[in-house]
Amino acid sequence: GWWRLGLALQNALRYFPPEVHKELALEFAEELKLYGHIYMYRFCPEIEMRAYPIEEYPCKIKSAAAIMHMIMNNLDPSVAQFPQELVTYGGNGQVFSNWAQFWLVMHYLSEITEEQTLVMYSGHPLGLFPSPRYAPRLIITNGMVIPNYSSRDEYEKMFAMGVTMYGQMTAGSYCYIGPQGIVHGTVLTVLNAGRRYLGVEDLAGRVFVTSGLGGMSGAQAKAAVIAGCVGIIAEVDEAALLKRYRQGWLMEITDSLDHCIARLRDARENKIILSLGYHGNVVDLWERLVYELDTTGEQLVDLGSDQTSCHNPFSGGYYPVQLSFEEANQLMSTNPGRFRTLVQESLRRQVAAINRLSDKGMFFWDYGNAFLLEAQRAGADVEKRGANKIEFRYPSYVQHIMGDIFSLGFGPFRWVCTSGDPQDLATTDLIATSVLQDAIHQGVSASVKQQYHDNIHWIREAGKHSLVVGSQARILYSDQKGRVAIAVAINRAIAEKRIKAPVVLSRDHHDVSGTDSPYRETSNIYDGSAFCADMAVQNFVGDAVRGATWVSLHNGGGVGWGEAINGGFGLVLDGSAEAEEQAKIMLSWDVSNGVARRCWSGNSHAYETICQAMEETGKLKVTLPHTVVDESILEQALHR
């Protein structure tokens with residue numbers, strides 16, 4: 001209603017003195033009418049937005065300069081999806097809610113000392129508060145609302161009023177490193193899918209069909225090439241398609257389905273590594289593959305997934321096949337009810353085609369983007385007979401592919417060289433490779449050894465494939481032992497001046513302990529606690545009290561508002577003994593928390609992993625579960 005619009009204007013104007021309210025009110029009211037939110041475009045900085053070397057930031061402490069470096073990287077136009085709207089990735093994952101907040105945060109960071117903490121409420125800087133030196137310098141919460149009001153409709157109202165925002169995962173925690181992060185995760189997913197579903201190590205000539213080349217999904221093309229398969233990726237937005245092509249992340253593009261199928265056949269038969277972007281709707285592509293199957297008897301696809309932003313399907317995250325890109329954008333604003341109907345009809349068609357190909361041997365998985373969840377809500381045939389409410393006809397990639405990795409304590413660990421010097425990144429690559437090789441030589445289990453080998457291969461390939469976009473960053477999947485050892489080695493290299501400036505350690509929130517999400521990160525938790533969020537909240541608090549430079553806790557992320565709680569951290573390594581001790585204790589907790597929870601839920605890999613950690617760490621004592629060996633006693637007890 002009008003009162004809510006008035007409140008939105010009032011909320012925006014409180015950042016400014018009364019003498020400019022009249023002028024700004026007219027401007028902000030127009031933004032609210034056009035975009036449903038006040039972004040304060042006039043205050044978008046004119047400077048080139050990028051991660052500058054840390055010494056160029058006007059700060060009193062290095063950790064604040066490192067945070068500035070990370071914030072500006074998240075808003076770099078070569079990194080961010082919609083930088084003017086402060087959206088880093090995922091369609092609506094913001095760094096801040098408006099540009100006034102950006103300026104205020106940068107001001108506070110220029111003033112902060114080692115005895116203050118900057119507190120962030122959903123994009124809004126509440127201020128600098130006194131705190132001890134060992135406390136975090138920055139604490140972020142995004143989208144924390146009372147559970148009964150954590151619905152999509154309530155989010156739209158609160159976002160319009162400027163009182164909450166969607167931080168996705170690493171957008172609102174200032175830890176995004178461009179598509180490299182998801183490239184690595186997708187490479188591991190495709191490799192492990194080949195092992196699990198196809199029984200092969202070599203994916204030459206195997207075809208992977210998916211959709212999305214925008215934000216994080218843009219990584220799929222590069223991942224297909226590194227994994228060595230034939231990747232066919234559909235994208236409706238020509239600008240996103242061309243951006244990936246010009247970056248060199250996409251080898252070829254076409255808007256012809258005939259050409260697409262011809263290239264697919266050629267690459268499949270001749271085992272040519274290929275990433276081909278199809279400018280069109282993925283539903284048309286899936287239906288054409290069904291047509292080829294029906295008319296030629298040829299199954300042209302081995303692996304399938306989807307990376308449309310289905311967590312936000314009715315506001316641009318999913319485009320219905322019945323409309324062109326331009327028609328869809330128009331209908332979205334003029335008749336949202338009709339648009340919703342077409343989206344759901346399109347989802348039903350997409351699932352019908354996928355089901356047909358799956359029946360003939362294709363293996364499909366949900367990529368944690370709420371695709372199957374929204375398809376179910378649309379009435380598509382995705383039910384799994386006799387399953388619980390978090391299981392569908394097709395598995396989440398966490399359930400079948402990545403879940404065991406999390407239970408072993410492996411997840412997306414990353415670091416950023418704040419000097420901005422590629423040579424520093426090359427040095428850290430060598431350090432990480434050496435650490436993992438040493439761990440293999442010292443002796444590890446077969447499953448851990450395979451993960452280490454995959455990550456050594458990844459580091460070597462990453463250097464060849466120009467994966468750095470924005471800050472000088474690297475990601476790899478590592479367990480607790482590997483993360484601690486890499487952190488210690490990098491910190492010592494900084495102390496020895498082999499690395500020129502501090503290094504920020506972080507990780508994706510999509511990790512062992514960072515996220516409670518029943519349709520993704522915790523979809524393989526079967527003790528009934530998949531909808532509980534104690535793990536992510538405890539992780540946020542635990543990182544804060546163990547030495548993290550900054551911590552964050554978010555509502556949503558990947559699967560959508562109200563569907564997950566997730567958190568992350570940043571830890572600045574400056575070469576000091578104090579930084580080394582903080583890294584050891586904080587990184588150990590950051591992994592073992594989630595492994596212990598997965599162990600308690602009944603996962604055997606997690607049980608073995610946490611038992612080994614307890615043997616190696618005398619102060620770690622975890623409650624271990626006793627297994628019910630004879631399950632018939634349950635039925636007997638219940639039917640007495």
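Reader: Is Asp-424 buried or exposed?
Author: In this predicted model, Asp-424 counts as buried, because its relative accessibility is 1% and the cut-off for buried is under 20%.

Reader: And which side chain does Asp-424 meet in a salt bridge?
Author: The partner is Lys-500, at 3.3 Å from N to O.

Reader: Is Lys-500 buried or exposed?
Author: Lys-500 is exposed, with a relative accessible area of 55%. Asp-424, by contrast, is buried.

Reader: What does the UniProt annotation say about residues 404–611?
Author: An unreviewed UniProt entry annotates residues 404–611 as "domain: Urocanase C-terminal". Over that range the chain is 50% helix and 17% strand, with the end C-alpha atoms 16 Å apart.

Reader: And for residues 49–175?
Author: There the unreviewed UniProt entry gives "domain: Urocanase N-terminal". The chain over residues 49–175 is 28% helix and 18% strand, and its end C-alpha atoms are 16 Å apart.

Reader: Back to salt bridges: how many are found in the whole structure?
Author: The search finds 38 salt bridges.

Reader: Which residues are linked in a network of them?
Author: One network links Asp-258, Arg-265, Arg-268, Arg-288, Glu-292 and Glu-298.

Reader: Take Glu-298 and Arg-265: how far apart are the closest N and O atoms?
Author: They are 2.9 Å apart. The pair links distant parts of the chain, 33 residues apart: Arg-265 is in helix α9 (residues 257–270), and Glu-298 is in the loop between α10 (282–296) and β10 (303–304).

Reader: What about Glu-298 and Arg-268?
Author: Glu-298 also forms a salt bridge with Arg-268, whose closest N and O atoms are 3.4 Å apart. This pair runs from the loop between α10 and β10 to helix α9, with the two residues 30 apart.

Reader: How accessible is Arg-268?
Author: Arg-268 is partly exposed, with a relative accessible area of 25%. Glu-298 counts as partly exposed as well, at 23% relative accessibility.

Reader: New topic: where is Gln-220 found?
Author: Gln-220 is in helix α7, residues 219–227. At 1% relative accessibility, Gln-220 counts as buried.

Reader: Which backbone oxygen does the side chain of Gln-220 reach?
Author: The side chain of Gln-220 reaches the backbone oxygen of Gly-212, at 3.0 Å.

Reader: What else does Gln-220 touch?
Author: Leaving aside residues up to four places away in sequence, Gln-220 touches several residues, among them Thr-186, Phe-208, Ile-233 and Gln-307.

Note on methods:
Residues are numbered from 1 along each chain as its sequence is written. This is a predicted model: local features need pLDDT of at least 70, side-chain atom pairs count only at pLDDT 80 or more; totals for chains, interfaces and linings use all residues. Side-chain values use heavy atoms; hydrogens and water are left out. UniProt positions are given in the numbering used here, feature names are shortened, and annotations may be inferred rather than shown by experiment. Helices (H or I, at least four residues) and strands (E, at least two) are DSSP runs, numbered from the N terminus. Buried means under 20% relative accessible area, exposed over 50%, partly exposed in between (1.4 Å probe, protein chains only). A polar contact is a pair of N or O atoms within 3.5 Å; within protein, one must be able to donate a hydrogen and the other to accept it, and residues adjacent in sequence count only if both atoms are side-chain atoms. Contact means heavy atoms within 4.5 Å. A salt bridge is a side-chain nitrogen of Lys or Arg within 4 Å of a carboxyl oxygen of Asp or Glu.
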